Amino acid sequence: MRGIPRVTGTPGSVLGTLVGVTVLLTTGALAVPAGAAPTTSGPAVSPASADAQLRAREFWTPERMRAATPLDLANVNGRADGRSAPAKGTKFTVAPTTPARTPADVGIKAFPNSGGPWTGGGAVLSTAGRVFFSYQGRTASCSGNAVTSANKSTVITAGHCVKLQGAWHTDWVFVPGYHDGQAPYGKWTASKILSTPQWTASEDINYDIGAAVVAPLDGKRLTDVVGGQGLAFNTGYNLAMYSFGFPAASPYDGEKFIYCSGTTTRDFLLSKDHGMTCNMTGGSSGGPWFTQFNESTGTGLLTSVNSFKYNFLPNRMYGPYFGADAQNLYQTAQSS
């Protein structure tokens, strides 16, 4: 599959090595508790000028958004040898802040599910969206989600959706509620994109987490328009989770909002990630994983993102553990 980090080889041949992965790509302030201060080094940040933001918004026409394709990321070097387990801290949660909505009549049995269109409603339809950017002269897409934040402007995604193979992406925009080439809530350009120091330095798959701070649009801030999901850090493994994204590689086309759900397990091979049965493909990278997800309201606590798959486990998705470094990334983004 193209677009999701994939670890190549067989379990016996790849353990303890630098592995090639294909990532799930396609080419008045709110008072938020600070929580326990992580002790790890700070995230890396790439700012975008006002001119660059304007160019990005104009660049992403409906035609270009539809044409953004999965990237073949087979050469992404992610260190996943078990020696870089995410630093843990005290359990810390942030509540969703979404506009009042009428609970959806879901009408589906949504748990467990290995992949299919989200036919329910709720806040997730506006907080989640597609991420578009330029990468090595190509147009590409990921997924992302707006979260509760002090600046009301923070999006959480995957690390490889902001930086890859030593280069920060450009023309970066977040399109919440994307469908059929349309941007019902607008195209939100990044004023800065960020990632964990471990992903930035060596593309360590355990830390494949990214964030963006988006500029105001028409005088409004992101979560005032679309709402923000909650977050959870240091919550352990083996949890009931829901995963969402906009897969664009076959058999999907990037135009449908897809979800998976199930009880996760800890990766027993290379990473320290959560694992879930899920058939999403490239383009879903960076889409949110929620605990305590309410199907009627479409709200939950974001505690991982779509990150990678092993070639020999094509129907198993993995997402990084949100420990101290993920929390530090969030705190840096929301205070920007």
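Predicted model: local features only at pLDDT ≥ 70, side-chain atom pairs only at ≥ 80, totals over all residues.
Which residue has its backbone oxygen 2.9 Å from a polar atom of the side chain of Lys-309? That residue is Cys-278. Residues are numbered from 1 along each chain as its sequence is written, and side-chain values use heavy atoms, leaving out hydrogens and water.

Let me stay with Lys-309. Its place is strand 22, residues 309-310; strands are DSSP runs of E, at least two residues, and helices are runs of H or I, at least four, both numbered from the N terminus. Lys-309 counts as buried because its relative accessibility is 0%. Buried means under 20% relative accessible area, with exposed over 50% and partly exposed in between, for a 1.4 Å probe and protein chains only. The side chain of Lys-309 also reaches the backbone oxygen of Pro-314, at 2.8 Å. Asn-279 is 30 residues from Lys-309 in sequence, and their C-alpha atoms are 9.8 Å apart.

Next, the nonpolar cores. A nonpolar core is a set of buried Ala, Val, Leu, Ile, Met, Phe, Trp, Tyr and Cys residues joined through side-chain atoms within 4.5 Å. The largest one has 64 residues, and Trp-172 and Phe-244 touch the most other members. Strand 7, residues 128-135, gives the most to this core, with 5 residues. Another core, of 10 residues, lies apart from it and includes Leu-239 and Met-276.

Last, Gln-198. This residue sits in helix 5, residues 197-202.

Definitions and conventions:
Polar contact = N/O pair within 3.5 Å; in protein donor to acceptor, adjacent residues only side chain to side chain.
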